Every structure is written in structure tokens, then in C-alpha cells.
Amino acid sequence: MEASSMPLLTASRLLSPPPPPTPTCPRRTVSFIRAAAQTLEAPEAPKPPRPSPRRSAVAEVKASVDPVAALNRFEDVLQTQDCNIILRHCGDTRRWDDLSKVFEWMQEREMTNAASYSSYFKYLGLSRDPARALQVYSAIQDHTMRVHVSVCNSVLGCLVKNGKFDSSFKLYDEMIREGLSPDPFTYSTLLSGCMKLKQGYTKAMGLINEMKSRGLQMDSVIYGTLLAICASHNYCEEAEVYFQKMKDEGHSPNLFHYSSLLNAYSENADYGKAEMLMKDLRNSGLTPNKVMLTTLLKVYSKGGIFEKAKELLTELEASGFAQDEMPYCILIDGLVKGGKIQGAKMLFNEMKDKGVKSDGYAFSIMISALHRGGHHQESKQLAKEFEDQNASYDLVMLNASLRTYCSTNDMESVMRMLKKMDELNISPDNITFNTLIRYFCNAKVYHLAYKTIEDMHAKGHQLNEELCCYVMVQLGKAGFPSEAFSVYNMLRYSKRTVRKSLHEKALGILVSAELLKDAYIVVKDNAEMISPSSLERFARSFMVSGNINLINDVMKALNRSGWRISQDIFGRAIQRYIRKPDKKHLLLCLLDWMTGQGYSVDSSSRNLLLRNAQLFGPKQLVAEILSKQQTASRSRTIGQRHNN
């Protein structure tokens, strides 16, 4: 059966339609198709690239508490640009010690470039270390680096930012001599320093002319700085010219430009021009900010336009721009200066009722205003109120409180203010010292006034000559002539020209106290500014009880001043010498000097000398000197008659 069935099976297969062919694909093709299908269905996230060794090293150094140690580990990996990133990180995070350590590490390995120096000087400016910046810049040996414009701009910016304006201009001149080619940023940096200079506008004009001579163009930043300089030096018309010129050159003014010109108008309280400027600002599509509105408030207040000022203050309140005391202070100060004390008090009380916190400025304005107006108790009450509510003070508030406490003779409060000044480490200024000096004078404790003057002088403050002269005279009257002479010397050696009367007053005090050696110092240096009567009094006293060894020097000093010494003064000196025969050489020198200067002794002194001639060596010696004097005197008399 098996044999017979086989053909049938085969036949049936042959008679059946053939099955469709099975596609055949290479194995790699199938895998690719599957992979593509999976990718389309669910794309796989790419693996993040592995960080480079340099990037990893930078990150580790930035995170290290000891960046120098970390730098040492990666010295072979890091490049200069990597170190610059680390340097800037130290600066941005205010790690000033690490900043300098990293820079020094870079210098030692010569891994610095212009960006390194530029960044370092920038951060030294922020850390208030301009002296270090100058030191590092001066040590640069590479000439190309010394005149690299970004390096120069950065060190100049450091100096200007820290108020070293004179040093910045001096260094700039050196840079120019060495070959610096300044760019607009150089001039912008220097111009910003002109705002605080006494002759800043003149200096700024010189810089502008120099910039133009180099073919550099003014930009909006430089125009803005120039407008601010004009405002700070009260050059209002010039500010207007530059503002218009800026617009004519196609620069669109921004809020800073408008604010600077508005500041110029505020100096002269020109509210008409200020309002026109604000209209122009709004027409240009800009919206005034808090600074501009506050400046406009200042314009109204200084101009006495108080109704408009109050309306503007209301606008500031509605806009949320009056949450601090400054806008109120501007208007309160304007009212006080306009003589409207009651209006100022009402606004001040309104400010307090609204809960506006005062840092002391508004209080100091009102305390000082009440004090000047003679409302001493009310002023004192306000000072107490601030003291009860506030622990922190600034110098302005301390001075205001000190003045009102002194005016009411509240010694306890005065001492409390001085103690607070010490606790808060606030250095006194001229106002502080002069307030205390006047207070001690009024209390007739002149020795304390003297100690205050001494402290003031030691701290380098300019002395008030009128006040110090009063203290000097009172010290003399109170029996403190040495202290009075000390005040005189402090005034005389300060950097100023004192009044002529000061020397005569000092001389009077010293002669009365018989401090004749000190009196001689006053005469020797200032005899030509002292009256003949005062010189006469001094000379008489000195001949009687002054240092005998200085008598001849005193005579010469008096003669140099142009004052003709009287025969009475010579007579007193001769009497003094006769009582001291051991000083015979001084007497003989005096007599010889008199002959040479055209002086001669009177008959009384002549007879006294001849009677005591034996005390001074051979009798003939004195006689010969006196004879020469007589001969010279006769010759002068004959000559005078001949001339007449």
C-alpha cells in the first residue's frame, strides 16, 4: 500500500497550485528594517557626550575651596582661556582672596593674556582695591600688554570707580606717551570721572576735542555722560546744545539722557523748561520712571512751585514711587528753605501717619529747621523721638541731634550721641567738631574746647579760624597760655592764610603770661603784621626778663621788620648786660651791630657804659665803640641836613 500510495500523493501535489514564493532577505537587511521600525515607533534618547578633560578640570577648580591646589593638579590640562573662566568665577562670586591667588598663579606660569588683566582689574575695582590695580599694571613688562586698549580701559575704570580721578588722568597721560590708541570706551570711562572733578567740564571738553582729533565719533553713551557732566557743573545751556546735537546726529535719547538734562534744569529750578522736556519725553514714546519724576519734584520744590510739587507727590504715591522717604524729603526741604515751616511739619507728620519709614533724612531736615528757627525744645523732642525708635544712625542725623542737644544744654544727651558715634564707628566731620567747640565755649569749659580743636586738627580737618581764635583768647584769659599758643600754631601751620590780627592776639597772650621765648617766635616770623605798640610792649618785656642769650637776636628780628628800635629798648638791654658781666661778648656784639645799623645809645646809657667799662675788658674798648657811634651819628645828621 505504501508503494501504491506514493504516486497518488505526488500527483496531488503536482495537481495543487503552487504556494506563493517565500521572500528571502539577507539577515543584516532584516535587522536594519527591524531597527528602523523600532526607531519610528519609540526613538531612543541620544547619550550625552562625555565632558572634555578641560571642562571637567574647570568645574572642579571652580568648586574647590582651595583653587590654587586644584589648579596645581590640572596644570597640564588647563589652558589660559580656562584659567580666565576660573578667574571670572572668583570675581563673580566675590571671592576676592581667591581672585588674587588665581591671578598670581597664572602670572607665575605665564598663562595670562589681555582678557586676564582686563578681568582682574575690573574685579579689583569692584573690591575697592585700586592700589593693587596700579601695582599690578605698573609691573607689566610686555609693552604690547601695557598699551592694550582693553587692559588700559579696565585699569582706568577701576581708578575712576574708586574716586581716584587725578590718578586716572595721570595714568592715562602715561599710557598715551607709551603708545595707547584709545577707543570710545576709554573716553567714556574718563569722562565719567569728570563729573566729580572741580574743573570737570573743562577737562571733559579737552577729552572730547582729543577724541574728535583721533577720528572717533560721539555715541549715545558719551553724549549721556557729557550731559551728566553739564548737569553736575551747572552748565545748563551747554547741556541743551549737546542734547539737541545728539538728536541731530540720529541718536535717540533714552531715559538717562532726559534725566541728565532734567537734572541740569533742577539746579536752576527752571520748571518751565523741565515741563517742556517731560512733554517731549512722552511724545517720543517713553514713560518717565521714578528717578525722573523725583527729579521733576525737585525742580518744583526748588522753584517754590509747591502746589504742583504736592500734585506730583500724589502722582508718585499712586504709582508706588513714594514708598521710601526721599520724595517727601525733597518737598519738606523745599518748604523749609521757602520759609514754610508749618507746611513742612504738616507734610512730615503726614509721611509718618502713612507709615513711610525714615532712615533719618526727613527727621534731620526737620530737626535742623526747628533748631534754626529757634524752636529748640520742639527740635529736641523730635531728636528724642527718632532716638527712641531707631538704633541706626548716619553722620547727618547724628550731627542734627548733636546740635539740638547742645543748644538745649543737654550734656547727658550730648555724651550719649558721642558714645553712639563711637559704637557705630562713625567718624566725626567738621560740623561735628565745630558744634562741640561752640558748645564747650558756651559752657565756658574752654579746656574741653581746646581738646576738641586738638583732636580735629589731628584728624586733618580744616579749622574754623574765627572760632579757634575766640577759643585761643578765652584760653589766655582763663590762664591757659600754652594751650592758647598751641591753638595759634595749629591755625598758623594749617594750609591756609590766617588773618593778621591772629598774630597780634597770640603775642598779647604770650607777653602777658611772660612766655617770652614763644612770643619771640611769633615776632620773628610775623613782626611786619604786628602793630608798633605791641612790638614795643614785647621788646620792653623781653629786655627785662627774656632769655639774655636771645636779646641780640630779638633786636635783629625787630629791625628786619622795619620797626625802628627806640633808645629806651637799647637802654634796657644795656642795663641787663651790665648786671651780667659774663655776657660781655654779647654786649660788645650789640654795640658793634648798632653802629652798623645806624643806631646809637642815648646819653644815659653812654654814661652807664663808661662807668662800668672795666667790666668788659680794657676801658678803652667800650669808649672806642661809643666814639664810632657818635661819629656815625654826626655824619648821618649832616647828610640829612644836606639832603634837606
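Predicted model: local features only at pLDDT ≥ 70, side-chain atom pairs only at ≥ 80, totals over all residues.
Residues are numbered from 1 along each chain as its sequence is written, and side-chain values use heavy atoms, with hydrogens and water left out.

Reader: Why are helix 5 and helix 6 called roughly antiparallel?

Author: Helix 5 (residues 80-92) and helix 6 (residues 96-108) pack at an angle of about 160°. Angles run from 0 to 180 degrees between N-to-C directions, and axes are lines fitted to C-alpha atoms, for helices over the stretch in contact. Angles over 145 degrees count as roughly antiparallel, so the two helices are roughly antiparallel to each other. Helices here are DSSP runs of H or I with at least four residues, numbered from the N terminus.

Reader: What makes up the contact of helix 5 with helix 6?

Author: Residues including Cys-83 and Leu-87 in helix 5 meet residues including Trp-96 and Phe-103 in helix 6, where contact means heavy atoms within 4.5 Å. The residues of this contact divide into ten nonpolar, two polar and one charged. Nonpolar covers Ala, Val, Leu, Ile, Met, Phe, Trp, Tyr, Cys and Pro, charged covers Asp, Glu, Lys and Arg, and the others, Gly among them, are polar.

Reader: Why does His-257 count as buried?

Author: Buried means under 20% relative accessible area, with a 1.4 Å probe and protein chains only. His-257 has 1% relative accessibility and therefore counts as buried. His-257 lies in helix 16 (residues 255-267), and among the residues that His-257 touches are Tyr-223 and Phe-243.

Notes
Parallel < 35°, antiparallel > 145°, perpendicular 65-115°, else oblique. Buried < 20%, exposed > 50% of the residue type's maximum accessible area, 1.4 Å probe, protein only. Lists of a residue's contacts leave out its neighbours within four places in sequence.
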